[in-house]
Amino acid sequence: EVFSGDELMALMSDPSASVPPSPPATPAPLLFAAHQGVIAPIQVTLAVVVVCVAFLAELYTVPVILFAAAGVAVMSVAYMAQASPRIVARLVMLLVVCAPTLRVVDVLVRSPAALIDELDKLEDARLGMVALFVAGGATFGAFSPSTLSCKCKLRAAAYSVCAATCGDSIFRVRMGDERMPAFAILNGALPFFAAVLIAHVASRQLYQTRLPAL
């Protein structure tokens, strides 16, 4: 196509006239809402599983489990009340960090008889304990990258496992019980961390899959 002199002058004076318009970008709030609309019901369902298992297996007498179950119950209520997902994510991250810290304090201050009785109860409800930690880990790991950064999520999960293992090692030193810390690691820490990683990868892939779709 040959341009006349007047057309060339017009293009030189207004360069944007020759540039085709770029396609509209996907609004970040739209992508965030679409992803959250899929993830939130799953997280609420997992939170209900945590609460139900804690009560059906009678694990609510363990202070740390009671604290965690109460925390995920509050998360469910916050979602149903349409609270900000970012605030909910940070509160759950705080729960993940505080629960194992509470475990360390609990092991240090409670009587040996109460701790041994607690371990016997956890051993009897082994399957319920595994289900509870898996559901809890999946609930935390399912937060999208736009809600809670991957770095914060993985650091909180790693700290939780390390602090819990530290508390269980203190249990072994105080009580001399050979079941710990192996029992807690195999039935609590490892299922929790594995569930966090699997849910994190699934949530991230879902987020990236929905990006081109929108």
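I began with Ser-203 and found a polar atom of its side chain 2.9 Å from the backbone oxygen of Ala-142. The model I am working on is predicted. I looked up where Ser-203 sits, and it lies in helix α8, residues 182-213. Is Ser-203 buried or exposed? Its relative accessible area is 3%, and because the cut-off for buried is under 20%, I noted Ser-203 as buried.

Next I turned to the cysteines. How many disulfides does the structure hold? I found zero. I checked two cysteines to see why. For Cys-150, the closest cysteine sulfur belongs to Cys-152 and is 9.5 Å away, which is too far for a bond. For Cys-162, the closest cysteine sulfur is in Cys-166, at 9.2 Å, and this is also too far for a bond. The cut-off I applied to a sulfur pair is within 2.5 Å. I then looked up the accessibility of both residues. Cys-150 has 19% relative accessibility and counts as buried, whereas Cys-162 has 54% and counts as exposed.

I then went through the packing of helix α4.

First entry, α3 against α4. Helix α3 covers residues 63-80, and its axis comes within 9 Å of the axis of α4, crossing at roughly 175 degrees. Angles over 145 degrees count as roughly antiparallel, so I recorded α3 and α4 as roughly antiparallel to each other. On the α3 side I listed Pro-63, Val-64, Phe-67, Ala-68, Gly-71, Val-72, Met-75, Ala-78 and Tyr-79. They meet Pro-85, Val-88, Val-92, Leu-95, Cys-98, Ala-99, Leu-102, Arg-103 and Asp-106 in α4. By class, the residues of this contact are 15 nonpolar, one polar and two charged.

Helix α4 spans residues 85-109 and helix α7 spans residues 150-175; they pack at an angle of about 10 degrees, with axes 9 Å apart. How is α4 oriented relative to α7? Since angles under 35 degrees count as roughly parallel, I recorded α4 as roughly parallel to α7. From α4, the contact residues include Met-93, Val-96, Val-97, Pro-100 and Arg-103. From α7, they include Cys-152, Ala-156, Tyr-159, Asp-168, Phe-171 and Arg-174. I sorted the residues of the contact of α4 with α7 into 16 nonpolar, three polar and three charged.

Terms used
Residues numbered from 1 in each chain as written. Predicted model: local features only at pLDDT ≥ 70, side-chain atom pairs only at ≥ 80, totals over all residues. Heavy atoms only, no water. Helix = DSSP H or I, 4+ residues; strand = E, 2+ residues; numbered from the N terminus. Buried < 20%, exposed > 50% of the residue type's maximum accessible area, 1.4 Å probe, protein only. Polar contact = N/O pair within 3.5 Å; in protein donor to acceptor, adjacent residues only side chain to side chain. Axes fitted to C-alpha atoms, helices over the stretch in contact; angles between N-to-C directions. Parallel < 35°, antiparallel > 145°, perpendicular 65-115°, else oblique. Contact = heavy atoms within 4.5 Å. Nonpolar A, V, L, I, M, F, W, Y, C, P; charged D, E, K, R; others polar.
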